Amino acid sequence: MSLDAQPLFAATGLTKRYAVTVLDSVDFDLRQGEIHALIGANGAGKTTLSKIIAGLTPKSSGTMKFDGQAYCPKTKKSAEAVGIQIVQQELNLVASLSVAENLMLSRMPHRFGVINRSQLHQQARVALDRFGLKDIQTDTVTRSLGVGQRQMVEIAAALDRQCRILILDEPTAALSANETQALFNWLGRLRTQGVGMIYISHRLDEVSQMADRITVLRDGKKVATHDAADLTTDAMVDLMSSEASLTREFNTKKTRKSRQENQAALKVDALSRGRFVRDVSFTLKKGERLGVAGVVGSGRTELLRCLFGADIADSGSVQLAGSDVTTPPRHPYEAVARRMAMVTEDRKESGLLLSQPVRVNATLASMREKLSAAGIILFGKERRLAAEQCEAMETRYTSIEQSVGTLSGGNQQKVVIAKWLMRDADVFLFDEPTRGIDVAARIRIYRLFDALTDAGKSLIIVSSDLEELYEVCDRIAVMSNGQMVTSYERNEWSEDKIMQAAFSEYVKKEAT
């Protein structure tokens, strides 16, 4: 790979101000055929910088050059016109449209204003196949896809357009190891084609593996830029955060002490919903952390949604300790009444009210606690409860009245988790709980897991990051093509075993 002497893109003194300055005089450049990683804690300014480059947010001051010429995009469309594509952390597909319509949204083939449906699906098929997404049908309604599949579709859409700079914001947060490797293979090809890439990730091992250079941001300011070969992950954390020693202390822990008891907290028998969840049975013990592994589309998210009543099961039973009720919940309020809580995979669509303040979102799951005897909201109490829970999660915001949609992705995730801390639930369901979370914040969530199980709570944790499951779980169950095929105790699992199990039902399907 050759890196041109003149940058493909260069920014000087780039600044963005809202009520406060979120990006402060940042210099940044990107070379042709380079992967340049941006790292930093939540709220460091990474996403803001990428949005300015992609035309989604106007700069307050500073200059930019693209291919040696002055560059100042007024819209995302104007940035795309010169070949700058972005795949954001918060997905931007239209859920009600088909996969084909999302792929070709601004490029619909038409004649005299009438969309050529046959050509639309042909072009979409080519785009999907080019990215290896042969199992996704072009006529599938996008909302029926899991977050990981939607992420892959959005990346495929970006790569199907003219692309000289590709910006990826946490692209692997919802991807399994195999999907991640497929993405990396594609990035390698783009690198040889001279495409410059800005890669934002909290997964520092990925950054070390893929990046040519690394720029570190902290509190809106540029800390340093280094060749990736010159930085260890410990050095990255040192540059990103004053909490580096805390991170290293946590990462050197060999094992965690299990809090599980013999008493069952949750029994699931023959739970089924269409082809997504098929005859799933398991027992969750009190104080246990059960991880759920599997490839994207294996049924992990769908299983949690059935348990929580967000999707209605076709058959099977769900029974919590101390209850005679065995029918699966048919609505989330039934699950909450049975003392269950769920942190959803997609905070934007199902975890938060983005236009509402932090105060409302942090107390959303605990309405009774903030009401008077007459059913009137006690705003002082609501503010106090919200502040307490957000403080427990060390959430960064300027005001409890700030719209939660203006927070960084990681701080939004902390609010999602904070809203359940007030509920005295017995079983917590976590779907990709650290998606888009920086290293230090991830540790706080792991410590929250400790506090919950110390209190006798039971956790089911879905994660695409196997290392995360190894770190925090007592047992790992594996989903494959809608079925829970096996589970491994802490002293039994290995990456080979889990990956073989994850593909076992797909291999059977192909054999038949």
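A residue is called buried when its relative accessible area is under 20%, exposed when it is over 50%, and partly exposed in between (1.4 Å probe, protein chains only). At 6% relative accessibility, Arg-213 therefore counts as buried. The structure is a predicted model, in which local features need pLDDT of at least 70 and side-chain atom pairs count only at pLDDT 80 or more, while totals for chains, interfaces and linings use all residues. Residues are numbered from 1 along each chain as its sequence is written, and side-chain values use heavy atoms, with hydrogens and water left out.

Salt bridges make a friendly starting point. A salt bridge is a side-chain nitrogen of Lys or Arg within 4 Å of a carboxyl oxygen of Asp or Glu, and a search of the whole structure finds 20 of them. One joins Asp-29 to Arg-213, with the closest N and O atoms 2.6 Å apart. Asp-29 lies in strand β2 and Arg-213 in strand β11 (residues 213–218), so the pair ties together parts that are 184 residues apart in sequence. Strands (E, at least two residues) and helices (H or I, at least four) are DSSP runs, numbered from the N terminus. Asp-29 itself is partly exposed, at 24%.

Another salt bridge links the side chains of Arg-339 and Asp-426 (2.6 Å, N to O). Arg-339 sits in the loop between α11 (332–337) and β17 (340–343), and Asp-426 in the loop between α15 (409–421) and β18 (427–431), so parts 87 residues apart in sequence are tied together. Arg-339 is partly exposed, at 34%, and Asp-426 is partly exposed too, at 28%. Through shared partners, salt bridges also join Asp-29, Glu-34 and Arg-213 into one network.

Arg-289 belongs to strand β15 (residues 289–293) and is buried, with a relative accessible area of 1%. The side chain of Arg-289 reaches the backbone oxygen of Val-472 at 3.1 Å.

The backbone holds some points of interest as well. Most residues other than glycine have a negative phi. Ser-25, which is not a glycine, has a positive phi of about 50 degrees; Ser-25 lies in strand β2 (residues 21–30) and is partly exposed, at 46%. Asp-67 also has a positive phi, near 55 degrees, and is found in the loop between β4 (61–66) and β5 (69–70). At 39% relative accessibility, Asp-67 is partly exposed.

Notes:
Polar contact = N/O pair within 3.5 Å; in protein donor to acceptor, adjacent residues only side chain to side chain.
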